[in-house]
Amino acid sequence: MRWLLTAAVWLTCLSTVADAQQPRFSPPLHTRGHQILDAAGRPVRLTSVNWYGFDQKEYVVGGLDHAPLSTIVHQIVGLGVNSVRLPWANETLERNPPVPDYAVKANPEFQGKRAMEVMDAVIRALAEARIMVILDNHVSRADWCCSEKDGNGLWYNAEYPEASWLHDWQKIVRHYKRQRWVVGADLRNELRNGAAWGGNDPKLDWHAAAERGGNAVLAANPQLLIMVEGPEYSTNFAGFDKLPVRLKVEDRLVYSPHAYNIDGHPFSSYDELKQVYDARAGFLLHAEPGVPLWVGEFGTCQRLDCGANSDWFALYIRYMKENQLAWSYWPLNGTQSSGQGRKYDSLESYGLLSTDYQHIAAPKIVELLRTVENQPQP
């Protein structure tokens, strides 16, 4: 009884914080032209953080080894964002392995639980805090992303063929169909390895596959947004205006470019950056028929002390403000998961949270993100 009372008090406090910091909206979401709207027709700009881990070697979101789930969700609410992009791997869904005890040691109720049981609890906690969730099919085989050699560059591989990708999407969407705070499906992360927008090779034609994937998701839940990324690590949307995605359910499509600083290619001015990003994806803001844009990943070093990378980030923040872009910062995590080129529990140098997941480690970045208005003008 005492535990139940404590939990009830915590949820009441969390709800109060959410009320104070977030505009009111009501899922599910849909689109109209270049805007995303809620169930009442009010404009919603998705302001999100990426919380990775269900796509990694521990098969569980980062931080549950350092802080209670409620504490981490409280930090997310405090950031002022309205949504979480939640990466998952086909391997995690299909195998549904038990999560390692060491990865959830601050949440003993999860010890002995399987990955999808923990995902259920995480999404339920976010929903109770009125934080929306976009499910992101990040990789097929659970590991750190992304390279040309990791075997996860297309929407399928030999171990996880397209049929598995489609089946897994329908399975996870049906599983969360009654959870209205799950509002979107990011079909596949950062297409590469020769993925093309159209063309004559069906094994590389991401446009056709995105239509198949989007329609499969909507057959399982017609109320979800469908986020479609682009080739070249989702940095190039050339041709999307001439060959748009057409789904069987209207007003559900969102395009999702990613943006990071490129070493050795500094921008000498804001106008130069604007020209490059307009040519790669920004032109879609003025194309018809209109499709909303949501920058599914962008990020920089915690303390904004990394030279050209920090300079790029400040310019890109200006670009997002100027274009009223929806966005999702990479990442929330304060520590790394296991994986290729990674070391478990070491500092996540781009992360918004501290290594104990109980404080903000990147206050300057959070301040910049807050300068990007949460709500576009009607």
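Helices, here taken as DSSP runs of H or I with at least four residues, are numbered from the N terminus, and Gln75 has its place in one of them, helix α2. The structure is a predicted model, in which 8 strands form an open sheet with parallel pairing.

- The strands of the open sheet follow the order β8-β7-β6-β5-β4-β3-β12-β10, and its edge strands are β8 (253-255) and β10 (294-295), each of which pairs on one side only.
- As a general point, strands of a sheet pair through backbone hydrogen bonds, and they do so in either a parallel or an antiparallel way.

- Strand β4 is mostly covered, since 7 of its 7 residues are buried.
- Ser83, Arg85, Pro87 and Ala89 point one way from β4, whereas Val84, Leu86 and Trp88 point the other way, and all of them are buried.
- In a regular strand, side chains alternate between the two faces of the sheet.
- On one pairing, strand β3 (residues 47-50) runs parallel to β4 and is joined to it by 3 bridges, with Val84 of β4 as the bridge partner of Val49.
- On another pairing, β4 and β5 are parallel and share 7 bridges, and here Met132 in β5 is the bridge partner of Ser83.

**Helices against strands and against each other**

- Helix α2 (residues 69-79) takes part, together with β3 and β4, in a right-handed β-α-β unit.
- Helix α5 (residues 162-175) lies across β4 (83-89), β5 (132-139) and β6 (182-186), and runs at about 160 degrees to β5.
- Helix α8 (residues 270-280) packs against helix α9 (residues 308-323) at an angle of about 60 degrees, with the axes 10 Å apart, and the crossing of the two is right-handed.
- The contact between them is made on the α8 side by Tyr270, Leu273, Lys274, Tyr277 and Asp278, and on the α9 side by Trp312, Leu315, Tyr316, Arg318, Tyr319 and Glu322.

**Nonpolar cores**

- The largest nonpolar core has 98 residues, and Trp51, Val228 and Phe298 are the ones that touch the most other members; helix α4 (residues 115-128) gives the largest share of this core, 9 residues.
- Apart from it lies another core of 15 residues, which include Met132, Val183, Leu225 and Ala326.
- Not counting residues up to four places away in sequence, Val228 touches a list of residues that includes Leu187, Trp197, Trp206, Phe237, Phe240, Leu253 and Tyr255.
- In soluble globular proteins, nonpolar side chains tend to be buried together.

- Leaving aside neighbours within four places in sequence, Gln75 is in contact with Leu353, Tyr357, Gln358, His359 and Ile360.
- Ser337 lies in the loop between β12 (326-329) and α10 (363-371), and with a relative accessible area of 4% Ser337 is also buried.
- With neighbours within four places in sequence again left aside, Ser337 is in contact with Tyr52, Gly53, Gln56, Glu58, Arg342, Lys343 and Tyr344.

Key
Residues numbered from 1 in each chain as written. Predicted model: local features only at pLDDT ≥ 70, side-chain atom pairs only at ≥ 80, totals over all residues. Heavy atoms only, no water. Pairing = 2+ DSSP bridges. Contact = heavy atoms within 4.5 Å. Axes fitted to C-alpha atoms, helices over the stretch in contact; angles between N-to-C directions. Core = buried A, V, L, I, M, F, W, Y, C linked by side-chain atoms within 4.5 Å. Buried < 20%, exposed > 50% of the residue type's maximum accessible area, 1.4 Å probe, protein only. Right-handed = clockwise from strand over helix to strand, strands pointing away. Left-handed = near helix turned anticlockwise from the far one by under 90°.
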